[in-house]
Amino acid sequence: MSKEAADQAPTELYTQPGHLLRRAHQISASIFHDEPGAKITPIQYAILRILVEHPGVDQVSLAGLVAIDTSTAASVAIRLEEKKLLIRYLDPNNRRQRALYVTDAGRALLQSTVPGISRLHHRIFEGFTPEEEAQFMTLLQKLVHINNSKSRAPLSRRKPSPPAEHPAPEETGT
């Protein structure tokens, strides 16, 4: 093969699914940073979104619902609490667990990300037809679903235990 032909031939690496998925993640993270990323990280966004749907969930269940390890869930929850975006209540029935709730400030932050998340979506699929986008998303969801058990932090859709009784989280005004 001539040098010119070798320069034009795709490197095998560029056709391997693992490499392409890593690159897709890089691109998605970069676009996220350009859009809502000035206010929130992708993991913080995912945690707050899950907590809106599952108020009072414990940190271990949260980790499973977001598909991250429990230590990452705990450290991100602490940072979000420091930013007053969520409240962590000690569960009186199990003092090793904390029930998590999004604050009004956390809800407002999520609401403020809606335009950026929309732009992120459009930018990722720029150049795709609607049919290609739907097909890609169907196949990507299938790939993630059938390989979930191979993850170091698999998604767990088990129903979280009901939260301990706590007052509704309100802004403290601080």
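Helices, taken as runs of at least four residues, and strands, taken as runs of at least two, are DSSP assignments numbered from the N terminus. In the predicted model, Thr103 falls, on this assignment, in the loop between β2 (98–102) and α6 (104–124). The relative accessible area of Thr103 is 4%, and this residue is therefore classed as buried, the cut-off for that class being under 20%. The side chain of Thr103 also reaches the backbone oxygen of Lys84, at a distance of 2.7 Å.

The chain as a whole comprises seven helices and two strands, and its elements follow one another from the N terminus in the order α-α-α-α-α-β-β-α-α. Of its 174 residues, 29% count as buried, while the accessible surface of the chain amounts to about 11700 Å², with 56% of that area belonging to carbon and sulfur atoms. Among the contacts in the chain with a separation of 6 or more, 61% are accounted for by residues 24 or more positions apart.

Helix α3 (residues 42–53) packs against helix α5 (residues 70–82) at an angle of about 85°, and the axes of the two helices lie 10 Å apart. Because angles of 65 to 115 degrees count as roughly perpendicular, α3 and α5 are described as roughly perpendicular to each other. The contact is formed by Ile43, Gln44, Ile47 and Leu48 on the side of α3, and by Ala73, Val76, Arg79 and Leu80 on the side of α5. By residue class, the contact of α3 with α5 consists of six nonpolar residues, one polar residue and one charged residue.

Note on methods. Residues numbered from 1 in each chain as written. Predicted model: local features only at pLDDT ≥ 70, side-chain atom pairs only at ≥ 80, totals over all residues. Heavy atoms only, no water. Buried < 20%, exposed > 50% of the residue type's maximum accessible area, 1.4 Å probe, protein only. Contact = heavy atoms within 4.5 Å. Areas by Shrake-Rupley, 256 points an atom, 1.4 Å probe, with all protein chains shown as cover. Polar contact = N/O pair within 3.5 Å; in protein donor to acceptor, adjacent residues only side chain to side chain. Axes fitted to C-alpha atoms, helices over the stretch in contact; angles between N-to-C directions. Parallel < 35°, antiparallel > 145°, perpendicular 65-115°, else oblique. Nonpolar A, V, L, I, M, F, W, Y, C, P; charged D, E, K, R; others polar.
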